[in-house]
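This briefing concerns the way in which two chains are arranged and how they meet. Please consult the sequence and the model below while reading the points that follow.

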There are 2 protein chains.
Amino acid sequence: MRKPEIRERILEYIRHSLDEKGYAPTVRDIMRGCNISSTSLVQYHLNILEREGQIRRDPEVFRSIQLVEKDIIEVPLLGTIAAGEPIPVVDSGTWTNHAEETLRVTTDLVGRRGDIYALKVKGTSMLDALINDGDIVIMEATQTVADGETAAVWLKNEQEVTLKKIYREPRRIRLQPANSEMKSIYTRPENVEVQGKVVAVLRKLED
Amino acid sequence: MRKPEIRERILEYIRHSLDEKGYAPTVRDIMRGCNISSTSLVQYHLNILEREGQIRRDPEVFRSIQLVEKDIIEVPLLGTIAAGEPIPVVDSGTWTNHAEETLRVTTDLVGRRGDIYALKVKGTSMLDALINDGDIVIMEATQTVADGETAAVWLKNEQEVTLKKIYREPRRIRLQPANSEMKSIYTRPENVEVQGKVVAVLRKLED
DNA sequence: ATTTGTATTTAACAAGTGTTCTATAGCACA
DNA sequence: TGTGCTATAGAACACTTGTTAAATACAAAT
C-alpha cells in the first residue's frame, strides 16, 4: 500500500460519478477522469480496491462498480418504546430479518455507524425529552454513553424507561431532560441501566 | 397509452434492479426479467417511458437508465427560524441554488412532494411544539393548511413566528401546541399569516 | 374493407467495455 | 548484482450492450 493517493482519487471519482450521473463509471471513464494513462492501470487499482473491500463489482457486468459505503442505511424498526416497559432486547445479528418494518435514513442524519435501530414512541411520557407520541427515535445499541449524551435509561426501582441526558456525579447520576425548562432528576448508579444511545429523533407530521 | 401494464412491469423491474443490484439493468436484463420476447420491444417501451419523463438515459452509455423518482430528496437549508423573526422568504425556483447547505432526506420521511425546504431552529421558543434549539424543521411552502395540520404562523401583532396546529373556529383561530400539556392560544384570523406547513422535524443528537 | 396507429418479432451491426497479455520501470532488500 | 514486489504502459481480444431496419400482427377508427 505504498501509493494510496491514486486509489483515493479513484474512489472520489466514483463517488462523484455515482452522485452526479447516477450510474457508475467505466474503466475508461475513470482513466480520463483521474488522468491515468492506461486502462490496465485503472484495472489494477480497482482490483486492489475490491480486494480491500472498498468497492464491489459484478464480473462481466459493465458499469457495475458500487461503493461499499452507502448513502442510505436501512434501520430496522424494532418496536415501540413507552414509559412502562423496557425497550425491546436487541439481538445483534438476526436483526434486520425480524424487523417487520424498516426505515430508510440517510447517513446525513445518523452517520455511518452500525448497530442502530429505530423505535416508535408510544404515549406522551417523553414530553420532557421533547418527544411526542408517534415520534421515532433512532438508537445506537451501546452500554457506554459519554456524559452529556442522551440515553435510553431503564430505572429499576421505578420500572420505567426514560430518555435523558446523562451526567455522572460523585455519588449519583443526574438525568437531565432535553427540555431546559424542566428539572433534572437524580438517582443512584445502581438504579440506572443504560439501554442505548439516542442518535436522532424523527417526527413525521400529517401522513 | 393502451397497454401500460408492461411499462409498469418494466419500471418495477428497474426499481427492483437498482435497489437489489445497485446498478441499472440492460435492455436484455429487462427482457428476461419481464418475460418480454425481444430487445427491440423493450427498447420501444423504454423510449416511450423516456418520452413520458419516467426514466432518463444517456445515449451511448450502457446501463444508464435512471428512474426520475428519487429515493433521496435534496432539501435546501434556507436559514433559521426563531420566534422573533419571520421565516425566510421562499423564492420558488431559484431555491436550491441559493442554499448554502442542502439536506439529504429519504422520501420515507417527507414523501415525494415538491417545494419543501428546511430551517434550523434557533433558540428555545418552540419548546411548546416539542422542538428544541438546533432541531431542523422541514417545511412545505403553502398558504393552504387544513385544520389540525401544523403550520408556521406569523402573528402580526406579536411580531413572532410560532409552530402550532391550526384550527379554524367561528370567529377566531385556535393555535394548539403539539405538547398536549400546554394550553392553546386564540387569536383573530387577521392576525395570523400562514407561512408554511411543517412536514417533519429532525433532531440530531451528538455530532 | 381500408386505413392508421400501437405493439411485437427477428436479425444484425456498431460501439462500449472488461479483461488479459506482454513489457517496462522503479525501488527495497539481501 | 540479482531477486522480487509494486506501479505503469500499450495494445489487442472477446464479450456486452444499445440501436436500428424491415416486416408482421392486431385492434380501433373511418
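This is a predicted model: local features need pLDDT of at least 70, side-chain atom pairs count only at pLDDT 80 or more; totals for chains, interfaces and linings use all residues.

The same surface serves both copies, since 100% of the contact residues of chain A recur in chain B.

**Basis of the values**
- Residues are numbered from 1 along each chain as its sequence is written, and chains are lettered from A in the order in which they are written.
- Local features need pLDDT of at least 70, side-chain atom pairs count only at pLDDT 80 or more, totals for chains, interfaces and linings use all residues, and side-chain values use heavy atoms, without hydrogens and water.

**Extent of the contact**
- Chain A gives 42 residues to the contact and chain B gives 43 residues, where contact means heavy atoms within 4.5 Å.
- About 3,600 Å² is buried between chain A and chain B, 50% of it on carbon and sulfur atoms; buried area is the accessible area (1.4 Å probe) that two parts lose on being put together, summed over both.
- A:Arg104, A:Arg203 and A:Glu206 supply 18% of the area that chain A buries against chain B, more than any other three residues.

**Polar and charged pairs**
- Between chain A and chain B there are 21 residue pairs in polar contact, both residues at pLDDT 80 or more; such a contact is a pair of N or O atoms within 3.5 Å, and within protein one must be able to donate a hydrogen and the other to accept it, while residues adjacent in sequence count only if both atoms are side-chain atoms.
- The number of salt bridges between chain A and chain B is zero, a salt bridge being a side-chain nitrogen of Lys or Arg within 4 Å of a carboxyl oxygen of Asp or Glu.

**Strands at the contact**
- Five bridges join S11(A) to strand S11 (residues 192-204) of chain B, and the two run antiparallel; strands (E, at least two residues) are DSSP runs numbered from the N terminus, and two strands pair if DSSP finds at least two bridges between them.
- The bridge partner of A:Arg203 in S11(B) is B:Val201.

Terms used. Helices (H or I, at least four residues) and strands (E, at least two) are DSSP runs, numbered from the N terminus.
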